[in-house]
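Trainee: Could you take me through this model step by step, beginning with the order of its elements and then turning to strand pairing and charged side chains?

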Amino acid sequence: MTKKLITLTIIILLASAICSAERIGSASYYGIGDGFAGKRTSDGSRMNPNAFTCASWHYPLGTKLEIIYRHKFYAWSSRHGKKVKVIIDKKVIVKVNDRGGLHLLDLSAGAFKKLAPLSRGVIKVRVRRVK
């Protein structure tokens, strides 16, 4: 009995450590023009394309996540007289309310727009669990 309890405790601790780690992966969006808007999500709420929500197989429903997208581009610097690399980290907090997707996350269109234009389709993101 004691061994089973210890084993179960270790499994729970490992599972929570894995879920809390930062992950890097791809994210797409859904909710505009795909028929999902207004349909029920896995947690029972209606899919709102403008809400800051996401679908994921990797995180429990109700989990809040910080999504970070690193936007890199070159711009002309009059101060330096040449092109310089500009890096901007864009962040958004979303709630996991659905399951599915081929990527690490499927963001609602509203959350995706905060990070990148919808024309990008798929972006590389870092995901952190918010406590």
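Mentor: Read along the sequence, the protein follows the pattern α-β-β-β-β-β-α-β, where helices (H or I, at least four residues) and strands (E, at least two) are DSSP runs numbered from the N terminus. This is a predicted model, in which local features need pLDDT of at least 70 and side-chain atom pairs count only at pLDDT 80 or more, while totals for chains, interfaces and linings use all residues. Residues are numbered from 1 along each chain as its sequence is written, and side-chain values use heavy atoms, with hydrogens and water left out.

Trainee: How many bridges join strand S3 to strand S4?

Mentor: Two strands pair if DSSP finds at least two bridges between them. Strand S3 covers residues 64–77 and strand S4 residues 82–98, and the two run antiparallel; within this pairing, Trp 76 stands opposite Lys 83 in S4. The number of bridges that join S3 to S4 is 14.

Trainee: Which residue takes a positive phi in the hairpin of S3 and S4?

Mentor: The hairpin has four residues between the strands. The residue with a positive phi, near 70°, is Gly 81.

Trainee: Which residue in S6 does Ile 67 stand opposite?

Mentor: S3 is also joined to strand S6 (residues 123–129) by four bridges, and these strands run antiparallel. Opposite Ile 67, the residue in S6 is Val 127.

Trainee: How many residues apart in sequence are Glu 66 and Arg 128?

Mentor: The side chains of Glu 66 and Arg 128 meet in a salt bridge at 3.4 Å, N to O, the term being used for a side-chain nitrogen of Lys or Arg within 4 Å of a carboxyl oxygen of Asp or Glu. Because Glu 66 lies in strand S3 and Arg 128 in strand S6, the pair ties together parts whose separation in sequence is 62 residues.

Trainee: Is Glu 66 buried or exposed?

Mentor: Buried means under 20% relative accessible area and exposed over 50%, with partly exposed in between (1.4 Å probe, protein chains only). Arg 128, at 31%, is partly exposed. Glu 66 has a relative accessibility of 17%, and therefore counts as buried.

Trainee: Which residue forms a salt bridge with Asp 89 at 3.9 Å?

Mentor: Asp 89 also meets the side chain of Arg 70 in a salt bridge, at 2.8 Å, N to O. In the 3.9 Å case, the closest N and O atoms join Asp 89 to Arg 126.
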